[in-house]
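Open the structure in your viewer and keep the selection tool ready. This short tour goes from one selection to the next.

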Amino acid sequence: MASNVSELTTYMAYLEGEWKKSSSGETIAIQSPYLRKTIGYVQAVTQDEVDSAITTAHKAQKEWAKLSLSERGAYLENWADELVKSSEDIATAVMQEVGKGFKDAQKEVVRTADLIRYTVQEALHMHGESLKGDGFPGGDQKKIGIVERAPLGVVLAIAPFNYPVNLAASKIAPALMAGNAVLFKPATQGSISGIKMIEALDKTGLPKGLLSLTTGRGSVIGDYLVEHKGINMISFTGGSATGRHLSKQTAMIPLVLELGGKDPALVSDDADMDVAVSSIMNGAFSYSGQRCTAIKRVLVNEKVADELVSRLKTEIEKLTVGSPENNSTIVPLIDDKSADFVQGLIDDALAKNATLITGNKRKENLIYPTLLDHVTEDMDIAWIEPFGPVLPVIRVKSDEEAIEIANKSEFGLQASIFSQDIDRALAVARQVEAGTVQINGRTERGPDHFPFLGVKASGMGVQGIHNSILSMSRERVTVLNLK
Ligand SMILES: NC(=O)C1=CN([C@@H]2O[C@H](COP(=O)(O)OP(=O)(O)OC[C@H]3O[C@@H](n4cnc5c(N)ncnc54)[C@H](OP(=O)(O)O)[C@@H]3O)[C@@H](O)[C@H]2O)C=CC1
Ligand SMILES: O=C(O)[C@H](O)COP(=O)(O)O
């Protein structure tokens with residue numbers, strides 16, 4: 001299989017350990033968001049192919065689970081090495097396919113190799129426990145409970161477009177280390193990157209059939225995958241609407257959902273402005289705001305609002321705008337529909353009298369970084385996740401008001417609090433409804449061994465390396481009843 005996305009390639013699906021054309025005879029054209037042309041084709045896999053991949057995965061899983069942890073780990077260590085060896089090629093695919101700056105795409109690949117290696121080490125060092133029967137009233141010393149972790153079977157890993165390598169591997173690696181087989185459904189826009197990542201895994205000689213990669217539009221094969229009786233656990237990262245849909249489709253299947261966010265930055269009147277400005281800039285605008293953990297609203301105390309807005313304006317106007325090939329911070333959004341959506345939010349805010357500080361300029365799907373001040377609660381941008389480079393500023397009178405508006409959101413992924421008074425910051429942090437609160441730093445998922453979770457519409461269950469291994473395995477309890 002050719003591996004240079006600059007040649008127009010039809011990529012194969014990875015089914016039961018073989019690179020195959022789908023029997024559907026159909027392919028999906030992948031458009032580059034900034035080259036604005038087709039860069040390759042991927043297979044539209046059929047339901048029969050899904051059935052067959054899942055049947056084979058169950059057989060392969062039984063053998064895989066018999067391997068020792070270090071034997072499983074050796075495959076994954078090799079995978080990490082292969083990813084690093086191919087990092088330039090994979091990063092080029094990520095750049096061309098999802099429009100991420102080349103350097104950031106390379107960082108994503110290297111971060112993924114680190115994540116895989118850490119996952120191996122974590123799995124090697126996770127221990128079960130033994131329980132004494134006489135620890136409970138009336139219990140007997142001769143009863144000993146042994147608690148081990150057992151795999152679940154076949155894990156369905158569904159990834160979004162924005163971190164097509166890292167957010168896929170953060171599901172695949174723990175699933176494999178826990179002794180499971182995997183069915184991997186990449187985001188359609190992200191499939192070429194996903195395929196290249198699996199090419200690297202295939203090079204390790206992974207047992208055939210243990211992992212299959214089923215490309216195809218979520219709207220076409222998504223429900224079939226999710227409702228399949230052969231799937232034993234689903235790990236999904238993507239939008240809240242899709243996640244909500246999935247949670248309705250599944251029943252009695254363990255499900256981890258990492259969904260959208262509307263992460264607020266709460267800037268108090270005693271904030272270190274240098275820290276607040278640099279964290280908000282980086283948090284809100286890197287990769288054009290196409291991060292679930294991007295800062296998506298600022299709730300600033302009115303005493304320092306003028307200074308913050310003026311400093312943000314200065315920094316925004318310095319941002320590089322253009323092509324991911326030049327490592328611009330602001331790059332074209334994933335597609336025209338997304339850019340129309342972001343523009344709609346800007347237009348709505350301006351129609352309702354938000355103050356445009358800078359931005360509101362557009363070339364096709366390239367939206368220039370936009371700062372809106374005096375945003376009020378009747379504006380859609382106050383509540384809706386744009387997934388683009390637009391930052392609304394809401395002025396507040398007190399910490400209490402900031403907390404109240406922060407918590408009115410349906411989302412609860414992360415939040416940032418900026419204050420030089422650690423007692424005050426901690427008091428606010430404990431009242432904000434979010435999976436993680438960052439004090440004096442930007443909202444972000446990494447480092448990848450930290451627990452990562454969203455509350456409310458931002459998710460269900462916990463990721464992060466340790467927690468992903470836990471969610472992809474179950475307790476197996478064996479009780480010894482000695483004579
Ligand atoms: N909390 C977190 O950890 C993260 C959350 N996100 C969120 O993801 C969103 C952006 O990613 P995006 O890719 O657009 O999200 P989507 O929800 O559109 O897609 C995510 C994945 O779900 C698939 N899918 C679509 N419909 C179905 C279905 N019915 N059944 C099963 N799978 C389906 C998609 O396939 P296809 O591409 O073929 O449609 C894709 O693989 C943002 O809201 C962002 O906040 C992103 C990263 C991290
Ligand atoms: O979309 C996402 O955004 C990622 O999970 C964010 O990862 P990061 O915060 O580490 O960039």
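From which domains does the shell around ligand 1 draw at least three residues each? Select domain 1 (10-259 + 461-477) and domain 2 (263-447): each gives at least three residues to that shell. The domain bounds come from an automatic or database domain assignment.

A word on the model. It is predicted, so local features need pLDDT of at least 70 and side-chain atom pairs pLDDT 80 or more, while totals for chains, interfaces and linings use all residues. Residues are numbered from 1 along each chain as its sequence is written, chains are lettered from A and ligands numbered from 1 in the order written, and side-chain values use heavy atoms, without hydrogens and water.

Now select ligand 1. Around it are 31 residues (a heavy atom within 4 Å). Thr188, Gly218, Thr242, Leu259 and Glu385 come nearest. The shell divides into 15 nonpolar, 11 polar and five charged residues; Gly counts as polar here.

Next, show α7 (218-226), β11 (233-237) and α8 (240-249), the elements that give two or more residues to the shell. The largest share, four residues, comes from α7. Helices (H or I, at least four residues) and strands (E, at least two) are DSSP runs.

Zoom in on the polar contacts (N or O atoms within 3.5 Å).

- Ala159: a polar backbone atom, at 2.8 Å.
- Phe161: a backbone N or O atom, at 3.1 Å.
- Lys185: a polar side-chain atom, at 3.0 Å.

Note on methods: Polar contact = N/O pair within 3.5 Å; in protein donor to acceptor, adjacent residues only side chain to side chain.
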